[in-house]
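User: Please guide me through the open spaces and the nonpolar cores of the model shown here, beginning with the terms required.

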Amino acid sequence: MGKNAEFTLELASEVHDSSPVNDETNLYTDKFVVDRTEYELEIPTDSFECFTYKGTHASIVLRANLKVDDAWILRDSQVSRTTQFKLVDARSGSLGGDATEVIDPFDTVQFGKNFDALLSGKKMSFILMSLFCGLGLLGGSWLIWDIFSQEEDGVVVSVFLIIILLVATVCLWGWQKNSFFRSYINVSLRPIPDITRNTCLPISQLVSGKSKIDLKNMTLRVVACNMEMGQYIRGSGSNRRTVSFEEPVRPIILYSERVSHIPARQEIGNHFPGEVDFGPMFKALYPPLEISKTHGLAVYWEVQLLHDEFIDHELKGPTDSIEVTDFFIK
């Protein structure tokens, strides 16, 4: 009695990991002096633009905290309780299963086909780049053999540094290879209007681009999902680090068509029939809910150009054009 107290209501992200990094944002605070044993608070929930969520990699809960400043030496008295509310609107229409297979499908690439599709100038540049990386690998391997043969001090450190350089060379070659192989097509998203549950867009109004070669059996898909965001700790001691993640859940395919032939230097979007109906996205996905820059729930969508021989292209759709209120019941 007579002590200062503080009641807070938070929207909290709880990461499902053995070493989680959780986060929260304050919704309501009430400070008072304790003068009785029972309180009834009127909390203005109309200003709360939030909901609770039980996810695969992270969940969002409401947490109530009560703290009383009654400590003399040790910690103040504090108690917390969390809860999740059953949502009135249960989301439906998602494909379920492994969302990664939908959002990031495995890319089958035929090296010879992609190399033949390069222009003569790019072919020469690719060959020179590959030779440069190959010489780097041979030189690094020879240095490792030479260091071991001399049996000098500091062998482990020297070899470790050379191995790092060799790995960096391989990564550089892989990154450059993908950059070269992607050049067979120039494609991008057109300016996107506001996306509501009534938005339907023809592919020609969504995608702009032309291929430098004839394409056979090209598939165009528009997919969407929720992204569960959070962080966790890995390592120990000096290697202890915080890892951020964005994991796709609740995938949905909004559009999918396969076209047998797209001639070179023609607008790709004009060859895909029909239109993309964004309405199912608002019924299958949860609205975005930000706890912080690294924690919460996001909405993600992209256009995929998939081919069995050439490297795939993914075009991330803008989320700032999505009408968030259309996710809620009307």
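Analyst: Helices (H or I, at least four residues) and strands (E, at least two) are DSSP runs, numbered from the N terminus. The model is predicted, so local features need pLDDT of at least 70 and side-chain atom pairs count only at pLDDT 80 or more, while totals for chains, interfaces and linings use all residues. Residues are numbered from 1 along each chain as its sequence is written, and side-chain values use heavy atoms, with hydrogens and water left out.

User: Which strand gives the most to the lining of the second largest pocket?

Analyst: On a 1 Å grid over the protein atoms alone, a pocket is an open set of points with protein on both sides within 12 Å along at least five of seven lines, a cavity is a set where a 1.4 Å probe fits but cannot get out, and lining residues have an atom within 4 Å of a point. The second largest pocket is lined by 20 residues, and Y53, K54, G55, R250 and Y286 are the closest to its centre. With three residues, the strand that gives the most to this lining is β10.

User: What is the volume of the largest pocket?

Analyst: A volume is the space filled by probe spheres set on the grid points, which are joined across faces, edges and corners. Among the 20 lining residues of the largest pocket, C50, F51, T52, L87 and F328 are the closest to its centre. The volume of this pocket is about 430 Å³.

User: How many charged residues are in the lining of the largest cavity?

Analyst: Ala, Val, Leu, Ile, Met, Phe, Trp, Tyr, Cys and Pro count as nonpolar, Asp, Glu, Lys and Arg as charged, and the others, Gly among them, as polar. The structure holds one cavity of 30 Å³ or more, and S13, Y53, A58, S59, I60, E228, M229, G296 and L297 line the largest cavity. By class, this lining has five nonpolar residues, three polar residues and, as for charged residues, one.

User: Which residues of the largest nonpolar core touch the most other members?

Analyst: A nonpolar core is a set of buried Ala, Val, Leu, Ile, Met, Phe, Trp, Tyr and Cys residues joined through side-chain atoms within 4.5 Å. Buried means under 20% relative accessible area, exposed over 50%, and partly exposed in between (1.4 Å probe, protein chains only). Of the 37 residues in the largest core, those that touch the most other members are L206, L220, V222, F272, F278, M281 and W301.
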